[in-house]
Amino acid sequence: MLHYPVTESAFPTRRPKAFRHDAVFYGGERGFLAAVLPFVSAAVERDEPVLVAVLPAREQALRNELGPASRQVEFVDMESAGRNPARIIPVWHDFVSRHAGGGKALNGVGEPIWPERTAPEIAECQRHESLLNLAFAAAGSFSLICPYDEAGLPADVLAAARESHPHVVEDGKRHASASYCGVDCIDVADRRPLAPPHEIQVERAFDARDVTSVRRDVTSWAAANDLERARADDLALAAHEAAVNSIRHGGGRGALRLWRDDDSLVCEVADAGELHDPLAGRSLPAPESANGRGLWLINHLCDLVQVRQTPSGAIVRMRQQLHRSP
Amino acid sequence: MTDEHAPALETPAFAVTVSDAGNGRALVAVSGELDIATAPQLLAAVAVLAPPAASAIAIDLSALTFIDSSGINALRTAVRAAGSRGAGAIVASPSQRVVRVLELVRIAEIIPIESSLEAAFARLGTDRLDGSAGG
């Protein structure tokens, strides 16, 4: 089956005063339009804010169908804004706070996963989908639908969408997801081991005395591996921030490992620390706060960031793709 | 670059110079790398500035090559502390590399910032900067 006719009844006009987070299954571009267009059009007709974060080709298809009504829709290029999936929740935070106090229900379409995503990217997208339930639990009237392309995505990715979304829409009908595991699966995902590194090129320990040399080691290693200068600087700052976190919160010391993985450079900082807030680094602290900007910076400096809790401590694994246009 | 013969203890290149710009204005020029290791030097330099000799303080970042979240927090602390002593303080003219980092943390929501020293002193002359967020 390639195409579900989703009727508007799947999206009731009376908005609940709560966060709604639905996975919507579709097949191909025609299926995408059938699944998403009624949701967006209904929001526009009710004169409510609606933000659509999808790939550029999907945006174009929606704009073509919406015509002049597309001027009432905010679009975000998910390929660039969501390259690191940890940067997607900030997009929704900004959308919600921009319209806070407007007294209107908010509507969003977010498609973080597409077939070309790499395995570690998909793992972080799935973590992001689970964290949405936590991040916007108190957001009030905000309906977010997440389209999943059944024609292009593997079965395990589709099954995971049922675990991270309280409701699913399929065959035009919306129902509670039987396999939704709530915020419980966040903790499980945070403890899932990461793939073992390839051949490690640099490995060293650091503590408070030599933490500032961590970024120099990353810079020279990245240059030797032909990473562009500006992106190497970004990775070096990210590694430095992770190392400083180890000094402050991870027992005062840590270990740095650097390796190359296909077309990416990977930089990992491990320490004896414990992760407390699964949403750390996905919102900026208040302007008067002294702390909380390190992980935010890391998330915005790297193509992909994976934070995990292991029996021996915390891991921050940062990736920068080689030969990528900025 | 790391010198393999260097001892483990490492201090990044950093300097802070305070000069009198006249009319109660002080210029704090920061150069090199402002990070967890060097941030205390900036705080110490700004801590002694107060009216009437220093009623308007511009922290010049044009020669700064690196900043981390500790450095950003030092700027925030320095500006607020100056405000509590009755001085206005503002951050000015960061280089392109430093701007990128400052923008990522939305610096204008944290401390007042201007792209040039002239604009910084102009704003200090007209605004009542009290160390709270400007912009």
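How many Å separate the centres of domain 1 and domain 2 of chain A, taken over C-alpha atoms? I looked this up and got 29 Å.

**Ground rules.** I am working on a predicted model, where local features need pLDDT of at least 70, side-chain atom pairs count only at pLDDT 80 or more, and totals for chains, interfaces and linings use all residues. Residues are numbered from 1 along each chain as its sequence is written, chains are lettered from A and ligands numbered from 1 in the order in which they are written, and side-chain values use heavy atoms, without hydrogens and water.

**Domains of chain A.** I noted domain 1 as 20-190 and domain 2 as 200-321; these bounds come from an automatic or database domain assignment. Their contact takes 20 residues from domain 1 and 18 residues from domain 2. Contact here means heavy atoms within 4.5 Å.

**Chain A overall.** I found 10 helices and 12 strands. Both are DSSP runs numbered from the N terminus: helices are H or I with at least four residues, strands are E with at least two. The radius of gyration is 21 Å, close to the 20 Å that the globule rule gives for 326 residues, so chain A is as compact as a globular protein of that length. That radius is taken over C-alpha atoms, and the rule is 2.2 Å times the number of residues to the power 0.38. Along its principal axes, the C-alpha trace spans about 60 × 40 × 35 Å.

I then checked burial. Of the 326 residues in chain A, 57% are buried. Buried means under 20% relative accessible area, exposed over 50%, and partly exposed in between, with a 1.4 Å probe and protein chains only. Among contacts with a separation of 6 or more, 72% come from residues 24 or more positions apart.

**Helix α10 of chain A.** How many of the eight residues in α10 are buried? I counted eight of eight for this helix, residues 294-301. Among them are A:W296, A:N299 and A:H300. Within chain A, the buried residues pack against α4 (88-98), α9 (229-249), β11 (304-310) and β12 (313-321). They also pack against α2 (69-84) and α3 (96-104) of chain B.

**One site on chain B.** I looked at B:D20, in strand β1 (residues 14-22). Is B:D20 buried or exposed? B:D20 is exposed, with a relative accessible area of 63%. B:D20 and B:S55 are 35 residues apart in sequence. In space I get 11 Å between them, C-alpha to C-alpha.
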